Amino acid sequence: MKKSATLSRKIADGIFSIRLPLTGDKPGPVNVYLFAGKNNVTLLDTGTAGAFGVLQKALAEHGMDCGDIERIVLTHSHIDHYGSVQKILRAARRPVDIAGNFTQPVSIATGIGVSRQTMGAFLTLMGVPFAVRHLMRILSVVFSSMGESCEVTTRIQEADAVEMGDYTFRVVETPGHTRDSICLHHDATGMLFSGDHVLPHITPNAFVMLRDNEPLPRRMSQKEFYDSIEKVRALSPAVVYPAHGRAITDLEAVVRMYAVSYQNRNRLILSLLEKGEQSIYQVARRLFPNLRTARLPLEIFLAVSEVYTHVQVLEEKGLVKTAPVGGVLMVSLPGRQTSPRTDPA
């Protein structure tokens with residue numbers, strides 16, 4: 001690596017971390033990883049389309065350009081992780097293997113994986129007011145501005161061996177943040193590349209796992225996320241390289257932070273329901289009273305998704321109950337009388 005390199009950092013022989021810009025303070029800039037071996041030059045995640053110029057400059061620090069990339073591995077189907085794929089392909093002017101753990105190797109442009117109709121129906125069930133749902137339609141515009149759709153050419157699954165540079169990693173399926181999230185583990189060194197499954201500074205969102213033609217998700221994102229955390233713990237990684245934030249050398253400390261955050265969130269939701277029956281949207285607005293206007297559509301979805309996935313687990317434990325009322329899913333504490341419904345401002 002040249003001494004003048006400033007956009008990338010060596011983390012192991014032939015492996016470099018590249019920090020790419022991302023709008024917003026959370027989760028923060030995207031870490032993509034360059035595996036610059038003699039064979040199978042690989043990029044792990046790509047950042048958004050808007051960060052492509054920075055990526056090119058980082059590659060140039062190593063005397064490389066997009067034409068040198070032979071494989072792109074995607075940790076999951078969120079646009080800050082695949083947004084630059086098409087730009088890389090056009091610049092490479094040759095075939096590049098795109099590997100990921102997607103059930104169907106088709107367009108992943110929306111970052112949510114369902115139609116607008118399905119999303120609209122879900123938000124209606126959550127009690128999101130019409131005016132807010134209308135605002136949230138710009139989400140698709142926001143996503144499309146961050147990158148283009150791409151297709152996976154090689155599906156990788158649990159325990160598959162993936163060559164990245166001079167290393168061979170094993171795929172660890174870690175659903176929760178998304179249905180298709182994976183980590184990559186290197187047995188000999190104990191390195192784990194975690195995507196968004198393990199982050200050092202925030203608890204990753206366990207996004208609601210919507211499917212077309214299903215009014216409510218059957219899969220329980222929060223439960224799957226914490227099951228996947230236990231799966232990663234069992235590997236006892238020496239160091240975790242996340243897609244956002246610093247490298248993690250004490251995974252147990254991060255897991256404890258997650259556990260405290262999860263328990264606190266459940267307690268807060270239960271305490272809010274002491275006031276009576278509410279929609280998911282009502283709980284979300286009270287749980288997150290300081291949602292920023294500038295990012296309101298996205299943050300409303302994140303808040304609703306967070307509350308609903310917690311409610312799924314709480315209901316399975318018998319701590320809350322849900323029932324449709326006038327086309328809206330209402331949540332209450334068992335044995336409590338309902339209260340008049342009033343939407344927060």
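Salt bridges in the predicted model

Arg211, Glu214 and Arg218 are joined in a network of salt bridges. The structure is a predicted model, and it holds 11 salt bridges. A few of them are followed here.

Glutamate 214 has 15% relative accessibility and counts as buried, because buried means under 20%. Arginine 218 has 70% relative accessibility and counts as exposed, because the cut-off for exposed is over 50%.

Glutamate 252 forms a salt bridge with arginine 233, with the closest N and O atoms 2.8 Å apart. Glutamate 252 is partly exposed, at 31% relative accessibility. Arginine 233 is also partly exposed, with a relative accessible area of 29%.

Helix H7 takes part in another pair. The side chains of glutamate 158 and lysine 231 meet in a salt bridge, at 2.8 Å from N to O. This pair links distant parts of the chain, 73 residues apart. Lysine 231 is in helix H7 (residues 221-233), while glutamate 158 is in the loop between strand E7 (154-155) and strand E8 (161-164). Glutamate 158 has a relative accessible area of 36% and is partly exposed. Lysine 231, with a relative accessible area of 32%, is partly exposed as well.

Terms used: Residues numbered from 1 in each chain as written. Predicted model: local features only at pLDDT ≥ 70, side-chain atom pairs only at ≥ 80, totals over all residues. Heavy atoms only, no water. Salt bridge = Lys/Arg side-chain N within 4 Å of Asp/Glu carboxyl O. Helix = DSSP H or I, 4+ residues; strand = E, 2+ residues; numbered from the N terminus. Buried < 20%, exposed > 50% of the residue type's maximum accessible area, 1.4 Å probe, protein only.
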